[in-house]
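The sequence and the model are shown first.

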Amino acid sequence: MDWITGARPSGLLTPVGVAVGVLLAHMAVWRLVLRLMKDRDLADGLGHYLRWPARAVVTLAALAFALPTADLPRAVYGRVFHTLLLALVAAGAWLAVRVVRVAEDALMRRYDVEVPDNLRARRARTQIQVLGRVLIVAIVVLALACMLLTFPQARAAGTSLLASAGIVG
């Protein structure tokens, strides 16, 4: 309810306004953090890889938190919230995969293969690549399993997927 006029904003106006406000605040903080970082290569990697996934996660989370303020019918609210939840899980997985990529790049910079005796560096780079790929597969499988668990009909399938991955029971 508006504290001045006592009128209630219509529909999705409040959640969208909250999402835009949170997104603008996120963008300002994001730029400030990237400018204050001392490691320019890492800052460039963060800016390149994480900008859009982070924006998506922040915006979707703001919409999900502000959605109860919208006057939506119960059935519509349930569908919209479920869609936002699925999108938030997907965006979170996207962000996690990109974080793995930034970490890979940062670790790869530590091992120079241009030196004459580069056996140790090549071995380390191969291990970093394999570990990164395994982490990405685990993130995708876990995200898909979490998305399945949001559907009552597919809860049994999602639970069995998590159990086969050794995460549940």
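Contact here means that heavy atoms lie within 4.5 Å. The model is a predicted one, in which local features need pLDDT of at least 70 and side-chain atom pairs count only at pLDDT 80 or more, while totals for chains, interfaces and linings use all residues. Residues are numbered from 1 along each chain as its sequence is written, and side-chain values use heavy atoms, with hydrogens and water left out.

**Overall fold**

The protein has 5 helices and 0 strands, and along the sequence the pattern reads α-α-α-α-α. Helices (H or I, at least four residues) and strands (E, at least two) are DSSP runs numbered from the N terminus. Of the contacts with a separation of 6 or more, 64% join residues 24 or more positions apart. Of the 169 residues in the protein, 27% are buried; buried means under 20% relative accessible area, exposed means over 50%, and partly exposed lies in between (1.4 Å probe, protein chains only). The accessible surface comes to about 11,300 Å², with 67% of it belonging to carbon and sulfur atoms. Such areas come from the Shrake-Rupley method with a 1.4 Å probe, and for residues only the protein chains shown count as cover.

**Helix α1 and its cover**

Helix α1 has 24 residues and spans 35 Å from its first C-alpha to its last, close to the 34 Å expected at 1.5 Å a residue. The expected span is 1.5 Å times one less than the number of residues in the helix. Pro15, Ala19, His26, Trp30 and Leu34 are the buried residues of α1, and what covers them includes α2.

His26 is placed in helix α1 and counts as buried because its relative accessibility is 14%. Leaving out residues up to four places away in sequence, His26 touches Ala54, Arg55 and Val58.

**Nonpolar cores**

A nonpolar core is a set of buried Ala, Val, Leu, Ile, Met, Phe, Trp, Tyr and Cys residues joined through side-chain atoms within 4.5 Å. The largest has 8 residues: Trp30, Leu34, Met37, Ala43, Leu46, Leu50, Ala54 and Val102. Both α1 (13-36) and α2 (40-66) supply at least two residues of this core, and the largest share, 4 residues, comes from α2. Another core, of 6 residues, lies apart from it and has Ala93, Val97, Val100 and Ala143 among its members.

Leu34, a member of the largest core, is in contact with Arg40, Ala43, Leu46 and Gly47 when its neighbours within four places in sequence are left aside.

Val16, Val20 and Leu24 make a nonpolar surface patch of about 260 Å². Patches are made of residues with over 30% relative accessible area and no salt bridge; like charges are joined within 9 Å, and nonpolar side chains (Val, Leu, Ile, Met, Phe, Trp, Tyr) within 5 Å. Val20 lies in helix α1, as a partly exposed residue with a relative accessible area of 43%. Leu24 is also found in helix α1, where Leu24 counts as exposed because its relative accessibility is 53%.

**Salt bridge**

A salt bridge is a side-chain nitrogen of Lys or Arg within 4 Å of a carboxyl oxygen of Asp or Glu. By this rule the count comes to 1: Arg101 pairs with Glu104, the closest N and O atoms being 3.4 Å apart. Both residues lie in helix α3 (residues 74-108), 3 residues apart, about one turn of the helix. An α-helix has 3.6 residues a turn, so residues three or four places apart point the same way. Arg101 is partly exposed, with a relative accessible area of 32%, whereas Glu104 is buried, at 9%.

The table gives two pairs with their C-alpha separations.

| Pair | Apart in sequence | C-alpha to C-alpha |
|---|---|---|
| Val20 and Leu63 | 43 residues | 9.1 Å |
| Ser160 and Ala145 | 15 residues | 9.2 Å |

Ser160 is placed in helix α5 (residues 155-164) and is partly exposed, with a relative accessible area of 44%.

**A loop residue**

Asn118 is in the loop between α3 and α4 (119-149). Asn118 is buried, with a relative accessible area of 17%, and touches Asp112 and Val113, not counting residues up to four places away in sequence.
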